[in-house]
Amino acid sequence: MSIKVNCLNPIAACGLDMLDDNYEITENIPEAEAILVRSAVMHDMELSDNLLAVARAGAGVNNIPLEKCADKGIVVFNTPGANANGVKELVVASLLLAARDITGGIQWCKDNRDNADISKDAEKAKKAYAGTEIKGKKLGIIGLGAIGVLVANAANRLGMDVYGCDPYLSVEHALNMSRDVTMVKTNEELYEMCDYLTVHVPLLDSTKGMFNKAAFDKMKDGVVILNFSRDTLVNEGDMKAALDSGKVGKYVVDFPNPTTVNMPNTIVTPHLGASTQESEDNCAKMAVHQIRDFLENGNIKNSVNYPNCDAGICSAARRITITHKNVPNMLSRFTSLVSKDSINIENMVSKSRGDYAYTILDTSDSTDEIVEELKKIDSVIRVRVIK
Ligand code: MLT
């Protein structure tokens with residue numbers, strides 16, 4: 001019987017092509033074992049008992065109820081880094097759009113399309129669209145994940161003086177970052193010295209509204225702020241006041257809403273950061289690859305609500321995977337139950353993350369009875385027999 005996958009949003013064909021004959025795309029959401037999603041909001045969706053995995057073809061996961069999924073043993077994946085270059089390129093373009101009145105100049109040419117003297121008049125008109133250069137200006141980057149690091153390196157190569165802040169900077173991202181980037185310990189240090197600030201952090205309770213009056217008050221007058229992460233990282237009432245007073249010189253935001261599109265000195269794009277063929281392809285392929293590895297081998301890579309847990313391809317006779325609560329004595333209960341009929345555990349990987357944990361057991365044999373007993377253990381959420 002084929003494995004049913006639902007696409008809540010259109011997903012790039014090269015990703016869907018990676019689903020072989022064992023898979024079937026279904027429109028019937030309750031029968032889906034996996035959901036592929038881009039920006040569809042899943043918070044009010046009924047999560048059926050068939051659903052094992054959700055993969056977001058993108059980085060942000062604020063459209064997915066992570067806790068509710070974890071509680072039902074549904075593993076949620078994202079695709080970190082897969083669209084980072086697309087976002088980085090738009091951030092670089094936006095630094096230039098903010099520094100020079102390129103959009104105003106283009107509009108002037110359009111408005112003068114019937115003017116026979118446009119060449120001559122342009123030489124007079126152009127002073128209204130003059131700008132500044134980004135070379136030598138201080139750029140502060142909040143969040144040095146896959147996107148932040150690419151932005152840091154690109155801005156550094158464009159001659160900007162780049163500063164970064166990220167208390168969770170990974171070794172991998174640190175190794176990929178130019179040594180010319182100066183790390184600071186707090187966002188406040190960036191606020192005080194930078195001409196440009198760009199934010200690349202996820203939307204969490206702790207980051208929501210982080211750009212507010214208190215933060216603006218610490219920034220340089222006329223600072224340019226770029227937001228390609230999520231609109232609600234910014235307190236828009238405070239941002240409007242800061243733009244009105246000139247405290248913030250320009251706001252470039254990739255999230256149109258009735259407030260942002262009506263703000264002064266604001267350049268708004270329609271969530272175009274990752275809208276490139278390459279990013280969409282990369283995200284789709286990574287999402288499908290991760291879903292397949294999870295459904296077929298039980299391995300978890302790039303989950304945002306369960307720990308990463310990889311036991312490779314199973315060479316033992318049986319593989320059982322268990323999503324469970326991260327509480328004491330789970331492993332001893334699993335192992336004593338599985339081994340009571342002299343069944344050998346050939347390989348075991350168990351990882352935890354916050355309140356949840358995941359265990360992969362490769363065994364010489366198993367019985368339906370053992371699987372049913374495992375399901376009955378308190379704090380076990382879901383048991384799957386992979387083979
Ligand atoms: C992301 O979260 O990866 C970006 O905002 C792009 C997208 O949502 O498609």
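I will go through the ligand site, then the salt bridges, then one surface patch.

First, the ground rules. This is a predicted model, so to speak of a local feature I need pLDDT of at least 70, and side-chain atom pairs count only at pLDDT 80 or more, while totals for chains, interfaces and linings use all residues. Residues are numbered from 1 along each chain as its sequence is written, and side-chain values use heavy atoms, with hydrogens and water left out.

Now the ligand. Which residues are around the ligand? They are Arg38, Arg56, Gly58, Ala59, Gly60, Asn83, Arg230, His271 and Ala274; the criterion is a heavy atom within 4 Å. By class, that shell holds two nonpolar, four polar and three charged residues. Here Ala, Val, Leu, Ile, Met, Phe, Trp, Tyr, Cys and Pro count as nonpolar, Asp, Glu, Lys and Arg as charged, and the others, Gly among them, as polar.

A polar side-chain atom of Arg56 sits 2.6 Å from a ligand oxygen. For Ala59, a polar backbone atom is 2.6 Å from an oxygen of the ligand, and for Gly60 a backbone N or O atom is 2.8 Å from one. Taken alone, the ligand exposes 260 Å², and the protein buries 91% of that; areas are Shrake-Rupley values with a 1.4 Å probe.

Next, salt bridges, meaning a side-chain nitrogen of Lys or Arg within 4 Å of a carboxyl oxygen of Asp or Glu. The whole structure has 16. Arg38, from the ligand shell, pairs with Glu280 at 3.4 Å, N to O. Glu280 is in helix α11 (residues 277-297) and Arg38 in the loop between β3 (34-37) and β4 (53-56), so this pair ties together parts 242 residues apart in sequence. Helices (H or I, at least four residues) and strands (E, at least two) are DSSP runs, numbered from the N terminus.

Buried means under 20%, exposed over 50%, and partly exposed in between, with a 1.4 Å probe and protein chains only. Glu280 is partly exposed too, at 29%.

Asp49 and Lys72 make another salt bridge, at 3.1 Å, N to O. Asp49 is exposed at 61%, and Lys72 partly exposed at 28%.

Last, the surface. Leu96, Ile102 and Ile106 make a nonpolar patch of about 230 Å². Patch residues have over 30% relative accessible area and no salt bridge, with like charges joined within 9 Å and nonpolar side chains (Val, Leu, Ile, Met, Phe, Trp, Tyr) within 5 Å. Ile102 belongs to helix α4 (residues 102-111).

Technical notes
A polar contact is a pair of N or O atoms within 3.5 Å; within protein, one must be able to donate a hydrogen and the other to accept it, and residues adjacent in sequence count only if both atoms are side-chain atoms.
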